[in-house]
Structures are given as C-alpha cells and as structure tokens.
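Please have a look at the picture before reading on.

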Amino acid sequence: MLGTAGHLLLLVAFVACGLSGFAYFWAAKHDLIEWRRIAQAAWGVMAAAVVAASGILLYLILTHQFQYAYVYQYSSRDLPTHFLFSSFWAGQEGSFLLWI
C-alpha cells in the first residue's frame with residue numbers, strides 16, 4: 001500500500017516538475033505574472049511530493065518492510081539504526097531521491 005503511494009507521489013512530482021518548467025518558460029517568454037505563480041505552486045507541489053515519498057521510503061526501511069525489493073536488498077534487521085538510516089541512499093533509487 002505504501003509502495004503504491006510512493007510511486008504515485010513520484011509521478012505527481014514528475015508531472016509537477018514538468019508543469020513548473022513549462023510555466024517558468026512561458027512566464028519568461030511572455031512576461032506573465034500568472035504563469036510565474038503557477039510555476040511556483042507547481043514547484044512547491046513537486047517538493048512536497050518528493051519529501052513525502054522520501055518519508056515513506058525511510059519509514060519502510062526503519063520498520064523492516066522486506067516485501068519491498070529496495071528494503072530487502074539494502075537493509076537488514078542486524079544493522080544498527082545509523083546504518084539502517086543510511087540504507088536510504090544505499091541504492092540508486094534512494095540516491096536519486098536524496099539528490100532530488
């Protein structure tokens with residue numbers, strides 16, 4: 001359930017980022033303040049969606065939800081908390097999420 005929510009949040013972030021880029025371009029080209037406000041709002045939605053998706057991934061790791069491949073591959077019950085926390089960016093997907 002949470003994995004699906006994470007995927008949906010990343011899709012929302014991707015669409016919002018594209019909308020923001022288009023709106024900033026359109027606002028700069030035509031000097032329209034309305035499109036700039038749309039771009040700023042879309043950027044805020046993207047940021048919120050990425051933070052929420054990161055929170056979900058961190059929750060899945062810290063609660064040992066091994067039914068998800070990322071958690072299964074990069075974490076373990078034997079890891080101390082600080083290493084468990086660092087498994088968030090152990091794989092490519094988590095690293096990209098961290099850098100976003």
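What follows moves from the overall fold to two residues.

This is a predicted model, in which local features need pLDDT of at least 70 and side-chain atom pairs count only at pLDDT 80 or more, while totals for chains, interfaces and linings use all residues. Residues are numbered from 1 along each chain as its sequence is written, and side-chain values use heavy atoms, with hydrogens and water left out.

**The fold.** You will find five helices and zero strands in the protein, giving the order α-α-α-α-α from the N terminus on. Helices here are DSSP runs of H or I with at least four residues, strands are runs of E with at least two, and both are numbered from the N terminus.

**Confidence.** The predictor's confidence in each residue is called pLDDT and goes from 0 to 100. The protein averages 92, and 100% of the residues score at least 70. Helix 2 (residues 33–62) has the highest confidence, with a mean of 95, and helix 5 (residues 92–99) the lowest, with a mean of 88.

**Overall shape.** The radius of gyration of the protein is 17 Å, whereas a compact globule of 100 residues would have one near 13 Å. That radius is taken over C-alpha atoms, and the globule rule is 2.2 Å times the number of residues to the power 0.38. Along the principal axes, the C-alpha atoms fill a box of roughly 55 × 25 × 15 Å.

Of the 100 residues, 28% are buried; buried means under 20% relative accessible area, exposed over 50%, and partly exposed in between, with a 1.4 Å probe and protein chains only. Contact means heavy atoms within 4.5 Å. Among contacts between residues at least 6 apart in sequence, 43% join residues at least 24 apart.

Ser-54 is part of helix 2, and Val-71 sits in helix 3 (residues 69–74).

| Residue | Relative accessibility |
|---|---|
| Ser-54 | 16% |
| Val-71 | 1% |

Which residues does Ser-54 contact, leaving aside neighbours within four places in sequence? Ser-54 is in contact with Phe-88 and Leu-97. Val-71, not counting residues up to four places away in sequence, touches Leu-60, Ile-61, His-64, Gln-65 and Phe-66. The C-alpha atoms of Val-71 and Val-51 are separated by 18 Å, and these two residues are 20 residues apart along the chain.
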